[in-house]
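Thanks for coming. I have one structure to go through today, and I will keep to a few parts of it. Please look at the sequence and the fold first.

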Amino acid sequence: MRFAYSWLMDHLDTEWSASAVADELSRLGIEAELLHEGQDPAPFVVARVGAVKPHPSADKLKVCEVFDGADHMQVVCGASNVREGMLSVLARCGAVMPNGGPTIVEAVLRGVKSHGMLCSADELGVQGWRAQDSGILDLPSSDYEVGDSFFLSGAVIEVGVTPNRGDCLGLRGIARELVAAGVGALRPLPVADLEVFGRSPIEAEMRSAGVLMGRYIKSIKNTGDSPRWIKDRLISAGVKTISCVVDIVNYVMLVLNRPMHVYDADKIQGGKLVVGASSNTDFHALDGKKYTLSKDNLVVTDGAGVVHCIAGVIGSALSGCTLDSENIFLESAWYDPVDIAMSARKLKLSTDSSCRFERFTDPGCVKLGLDFASHMIVKYCGGVASDVVACGETPFSEGRVISFNPDSVGVIGSVEIEREEILRILTALGFDVNADKDRQWEVSVPSWRLADVRSSFDVVEEVLRMHGYDKVQEQPVVPCIAGPNGCNYDEKLSLIMLSAGLTEVVTWSFMSGAVAEKLGYSIEDLCVENPVSNKFDVMRPSLLPNLLQTAASNQACGCESVAIFELGEVYRFLDESERSICGVRSGDNVPRNPHGATRKFDFFDAKCDVLQVLTQLGIDGRLVEFRSCDRSYMHPARSADVYFRDILCGYVGELHPDLIGFFEMRSAAACFEIFLSRIPNVDDNPTGDEFLVHKYQPVKRDFAFVLDQGVQSQALVDVVGCIPGVAEVSVFDFYCGDNIPEGKVSIAVAVVMISKVGTMTESEIKDVSERIIALVAQKLGGELRAD
């Protein structure tokens with residue numbers, strides 16, 4: 001929304017400059033920008049056309065003598081409506097046309113010099129001077145004088161409000177905010193008593209949530225132009241001027257944030273307007289388009305069932321107020337924001353009216369807006385108004401009273417504000433405060449803030465906002481995620497991943513439902529009712545998909561090797577989540593260099609990351625089991641589920657080759673995900689291996705065992721590692737083929753033996769070796785490979 005600073009001064013008595021007002025609005029949480037100091041008025045002036053002569057070399061051009069209040073000049077014009085004595089707008093040489101138009105220069109048109117240009121409404125970026133869009137503007141002499149600036153001079157401010165601050169879509173609301181901040185005083189709204197002729201011949205009925213008030217105004221004259229001051233203000237706001245009645249309604253909307261609609265009363269049948277759900281029918285709107293309505297649309301029909309308006313969105317071309325309208329019905333209403341939002345989105349239509357109703361309009365301003373508009377229509381268009389017709393009620397008829405402890409401002413905001421100042425701020429914002437009780441105040445919320453001030457925390461926010469967010473003291477953020485035993489591990493896990501060469505990223509908590517289903521997840525309980533787009537229509541059941549898309553995007557931008565991780569929430573249901581850490585490596589393990597060969601990241605890189613994470617959680621890596629994995633998105637032979645104490649804690653492995661293409665990645669990806677919330681408690685002081693520097697020579701021996709193919713290599717490592725005298729065990733070879741029986745596999749392990757008391761003798765080495773062979777045979781049914 002944008003408006004002229006001088007228009008704001010109609011409602012705010014202050015000496016603050018436009019720039020200072022814009023800065024103060026931004027400080028209060030209402031984004032404001034000073035667009036410019038106003039359209040430069042000097043180049044665009046009201047001029048009188050004198051003698052009009054035919055162009056000597058062009059039938060469609062005329063040579064005009066023009067007086068701009070200072071000089072007489074010659075202008076070549078091609079408009080069909082140019083005539084002697086008319087007032088129009090002259091763009092002097094040097095003028096830059098609005099909306100990115102050209103710069104006007106002295107030109108020679110078919111041999112005749114032209115000093116400037118007479119302008120049409122389109123060329124000036126304005127509309128509404130009757131049917132003059134095809135010719136130059138023909139200004140009424142009652143409103144304009146020769147030499148006047150056409151554009152309203154002064155600064156123009158544009159504000160952007162958050163969805164909860166619909167009250168600031170009106171100048172009155174903006175002025176009220178500034179007054180509460182100490183920027184001047186609020187001027188009174190000029191609403192006079194209205195003479196009425198009695199009962200309205202048109203009644204109203206509300207069959208949905210909301211309130212409708214209206215007035216029948218008879219014998220108006222809508223053929224005249226709107227007063228210049230109204231046009232100037234609407235033009236400054238970028239609103240098209242149409243007719244005097246419609247301009248007044250738009251003016252009131254911008255002042256009070258009170259959308260209204262005007263019906264041609266002679267087109268309403270049955271003497272009645274009914275607000276209710278629509279049926280399946282076609283609707284021809286004021287924008288010239290046809291819409292198909294359904295039960296999701298809230299409409300206003302007459303006694304004969306004819307639809308005259310999509311409530312809160314747009315009116316019908318059938319009963320729109322035109323220049324010929326003599327009797328009108330003026331509607332002022334409050335509708336449920338959800339009803340209007342659903343109706344507008346169903347039609348994929350957004351209007352000034354629907355935008356305001358969706359963001360909540362003041363239910364206490366329905367009659368004020370009706371009286372203000374009725375007063376202006378009778379004043380400028382004549383006619384006589386009826387009594388008010390009213391029906392329906394709002395869900396806020398009893399208001400809202402909040403119990404508020406003023407001491408909570410200091411506790412939450414870490415600021416010291418005197419109670420007298422808190423009371424002043426709330427009173428200035430329109431809150432009615434009962435401060436008789438020492439600790440708990442009773443705060444009544446004003447009608448224009450009922451949508452977003454719902455609890456004592458909202459009241460605290462209002463006080464802090466007006467006091468100044470810049471005065472709120474910084475406080476350390478206490479991480480809220482705890483690992484086993486209630487300890488916080490977020491920082492530790494981040495540091496260990498960073499030290500392993502991974503970069504931390506943060507992705508959306510949403511993702512595409514199609515991608516989630518591609519990975520085999522059920523999304524039935526994860527769908528978002530009102531997604532931003534179909535790329536973010538479900539809550540993520542895993543961190544992996546978003547990380548894969550991030551990795552693919554980086555590779556597409558030239559980063560061949562990617563190693564990233566994320567700590568965040570994953571969702572089982574919309575209201576149930578668990579903490580998870582996920583990592584993805586793709587590409588070469590090291591950059592190309594002259595010192596050694598590179599290789600691609602693989603299963604073992606991701607497994608190492610998993611063990612690093614679990615170690616930070618106090619878990620002995622020897623107690624972690626890696627079991628077969630049947631996840632459809634993981635490589636069937638290069639992946640595993642991670643178990644600790646028979647609890648599934650995550651998975652690790654390489655991504656399925658089909659998904660490498662699906663995500664358009666340039667190389668295979670090794671990934672892992674650990675579900676931190678599922679990991680059981682471990683001992684406060686876990687007993688891990690002691691770090692000892694052995695002064696005796698270690699002994700290294702290799703063993704190759706023939707085992708059943710179903711035996712996992714980790715089982716072999718665990719069996720060999722539990723024998724006294726064995727310090728380290730690692731697998732270095734797998735073999736199936738010649739000399740290996742069918743259904744069997746050869747697994748070779750390297751064993752490091754060491755003694756803490758002395759150098760091992762041959763007999764001690766032999767004893768440990770025999771124990772290894774015997775225990776493998778006993779536990780796993782393995783035999784020492786002969787060849």
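First, what we are looking at. This is a predicted model, in which local features need pLDDT of at least 70 and side-chain atom pairs count only at pLDDT 80 or more, while totals for chains, interfaces and linings use all residues. Residues are numbered from 1 along each chain as its sequence is written, and side-chain values use heavy atoms, with hydrogens and water left out.

Some terms. Helices (H or I, at least four residues) and strands (E, at least two) are DSSP runs, numbered from the N terminus. Two strands pair if DSSP finds at least two bridges between them.

Start with the open sheet of 5 strands, in the order E13-E16-E19-E20-E21, with mixed pairing. Which strands stand at its edges? They are E13 (203-206) and E21 (314-315); each has a single partner strand, so one side of each is left without a neighbour in the sheet. E13 pairs with E16, residues 272-277, in the parallel sense over 4 bridges. Within that pairing, Glu205 stands opposite Val274 in E16. As a reminder, strands of a sheet pair through backbone hydrogen bonds, either parallel or antiparallel.

The other sheet has 3 strands in the order E25-E27-E26; it is open, and its pairing is antiparallel. From one strand to the next the twist averages 25°. Axes here are lines fitted to C-alpha atoms, for helices over the stretch in contact, and angles run from 0 to 180 degrees between N-to-C directions. E25 and E27 (residues 441-444) run antiparallel and are joined by 4 bridges, with Ile402 opposite Val443 in E27. Helix H11, residues 419-428, lies across E25, E26 and E27 and runs at about 20° to E27. For this and what follows, contact means heavy atoms within 4.5 Å.

There is a record for this stretch. UniProt places the feature "domain: B5" at residues 397-474; its positions are given in the numbering used here, feature names are shortened, and annotations may be inferred rather than shown by experiment. Over residues 397-474 the chain is 36% helix and 14% strand, with the end C-alpha atoms 40 Å apart.

Next, helix H12, residues 456-467. H12 has 12 residues and reaches 17 Å from its first C-alpha to its last, close to the 16 Å expected at 1.5 Å a residue; the expected span is 1.5 Å times one less than the number of residues. Why call H12 largely enclosed by the rest of the structure? Because 9 of its 12 residues are buried, where buried means under 20% relative accessible area, exposed over 50%, and partly exposed in between (1.4 Å probe, protein chains only). Among the buried residues are Asp458, Glu462, Arg465 and His467. The buried residues of H12 pack against H2, H4 (171-180), E25, H10 (408-413) and H11. After H12 comes Gly468, with a positive phi near 120°.

Now the loops. Lys348 lies between H7 (337-347) and H8 (352-358), and its phi is near 55°, a positive value in a residue other than glycine. Lys348 is exposed, at 81% relative accessible area. Thr351 is in the loop between H7 and H8, but Thr351 is buried at 17%. Leaving aside neighbours within four places in sequence, Thr351 is in contact with Gly312 and Val313. Phe360, in the loop between H8 and H9 (366-381), has a positive phi near 80° and is buried at 7% relative accessibility.

Last, the rings. Rings of Phe, Tyr and Trp (its six-membered ring) pair if their centres lie within 6.5 Å; planes under 30 degrees apart count as stacked, over 60 as edge-to-face and the rest as tilted. By this rule the count comes to 19 aromatic pairs. Tyr633 and Tyr651 form an edge-to-face pair, 5.7 Å centre to centre with 75° between the planes. Tyr633 is in the loop between E33 (624-628) and E34 (634-644) and Tyr651 is in E35 (residues 647-655), so the pair ties together parts 18 residues apart in sequence. Finally, ring pairs link Trp7, Trp229, Tyr251, Phe372 and Tyr380 into a cluster.
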